[in-house]
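Subject: Handing over a structure, with notes

Dear colleague,

Please keep the sequence and the 3D view open while you read.

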Amino acid sequence: MAAQRKHLVRDFNHFITCYVCKGYLIKPTTVTECLHTFCKSCIVQHFEDSNDCPKCGIQVHETNPLEMLRLDNTLEEIIFKLVPGLREKEQQQEIEFWRKNNSKENGEGESPKSKRARIEDEEEENGDQDYHRSDPQIAICLDCLRNNGQSGENVVKGLMKKFIRCSTRVTVGTIKKFLSLKLKLPSSYELDVLCNGEIMGKDHTMEFIYMTRWRLRGENVTFLKQSTVYVVHKSICFSERSYPMVLEYRPRIDFG
C-alpha cells in the first residue's frame, strides 16, 4: 500500500495568510462582494481610509464597507488545527495587550474580560452622540404608493409622520429598514423604494438619488431658489425652508 504523502504547513500558506499583514489569518473575515479574506483587524483598519478591497481593488460599498464583512469561524478553526500553538499564542498576546492598556489607563487589577465588557458598555452609552449628524443633511418625504388590488397593500400603510431628515450618505437599504421598523413588517417582507417612478437600488445614497433622479430639482428652479438649496463640494446642504425629496414605497413586485 502506497505511503500517504505528508504536507507541510507552508504548502497551505497561500490560503491561510493575510494579504495585508502577511501573517496567519487571525479572526478571518471575508468581504462578501469579492470573497477575499483578511484578518479582522487588518480589513477594518483598511476600511477606515478606503472603500475598496485591498487585494482586487473593487469598491466594496459606496458608504459603509463594514456592512459587507463576515467572520469565517470555520476557516479560523482550520488554521488553528494546521498551525500548532497559534491559538495559545494569540490568546496570550490578547491578554498581554489588555493588561498593558489596563495598567496605563486604570491601574492594575482589572481583567481583560472585564476591561472588554466595560469598553462595550461605554460604547453603548455614548453610541448615540453622532449618528452622522455632522454630515450634510437632506429632507425626505416617504409616501406610500398605492395600487388598487396590489398584493400586500393591506400590510403596507402610510406613515403617520412621513417627513424625515437624515444624512445624505444614508442608503436606500437603510430607508427600507427604517420603513420595516416603523410599519412593523415581518423580517421576510420586502419593499420597493421609488423616485419619480423608478425603483432605486439598495446601495443608492440619498445624495446620488437627489443629484441624478429627483426631477423637481431641475423642473422647478424658481421654487428651489426660494427654498434656498445649496450644493457645496458635491454635498447637499438644506435650509429649513427647502422642499423635501419625495421617495415612494410599496410592496415588492416580483416580475418573474
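Apart from its neighbours within four places in sequence, Arg252 is in contact with Lys176, Glu190, Leu191 and Asp192; please bear in mind, here and throughout, that this is a predicted model. Arg252 lies in the segment that follows strand E10 (245-251), and with a relative accessible area of 42% it is partly exposed. Among its contacts, Glu190 is joined to Arg252 by a polar contact of 2.5 Å between the two side chains, while the C-alpha atom of Leu191, a residue 61 residues away along the chain, is separated from that of Arg252 by 4.6 Å.

Strand E10 also takes part in an open sheet of 5 strands, which run in the order E5-E4-E10-E6-E7 with mixed pairing. The edges are formed by strand E5 (163-167) and strand E7 (198-199), each of which pairs on one side only. Strand E4 (residues 137-144) pairs with E5 in the antiparallel sense over 5 bridges, and Gln137 has Ser167 in E5 as its bridge partner. Helix H6 (residues 172-183) packs on this sheet, where it touches E4, E5, strand E6 (191-195) and E10, and the direction of H6 makes about 125° with that of E6.

Turning to the cysteines, a disulfide is a covalent bond between the sulfur atoms of two cysteines. With a cut-off of 2.5 Å between the sulfur atoms, the count for this model comes to 0 disulfides. For Cys53, the closest cysteine sulfur is that of Cys34, and because the separation is 3.6 Å, it is too far for a bond. Cys53 is buried, with a relative accessible area of 3%, and Cys195 likewise counts as buried, at 1% relative accessibility.

The last point concerns helix H3 (residues 73-82), in which Leu75, Glu76, Ile79 and Phe80 are buried. These residues cover an arc of only 140° around the axis, and they therefore lie on the same side of H3. On the face of H3 turned away from that buried side are the exposed residues Thr74 and Lys81.

Technical notes:
Residues are numbered from 1 along each chain as its sequence is written. This is a predicted model: local features need pLDDT of at least 70, side-chain atom pairs count only at pLDDT 80 or more; totals for chains, interfaces and linings use all residues. Side-chain values use heavy atoms; hydrogens and water are left out. Helices (H or I, at least four residues) and strands (E, at least two) are DSSP runs, numbered from the N terminus. Buried means under 20% relative accessible area, exposed over 50%, partly exposed in between (1.4 Å probe, protein chains only). Contact means heavy atoms within 4.5 Å. A polar contact is a pair of N or O atoms within 3.5 Å; within protein, one must be able to donate a hydrogen and the other to accept it, and residues adjacent in sequence count only if both atoms are side-chain atoms. Two strands pair if DSSP finds at least two bridges between them. Axes are lines fitted to C-alpha atoms, for helices over the stretch in contact, and angles run from 0 to 180 degrees between N-to-C directions. The arc is that of the directions from the helix axis to the C-beta atoms.
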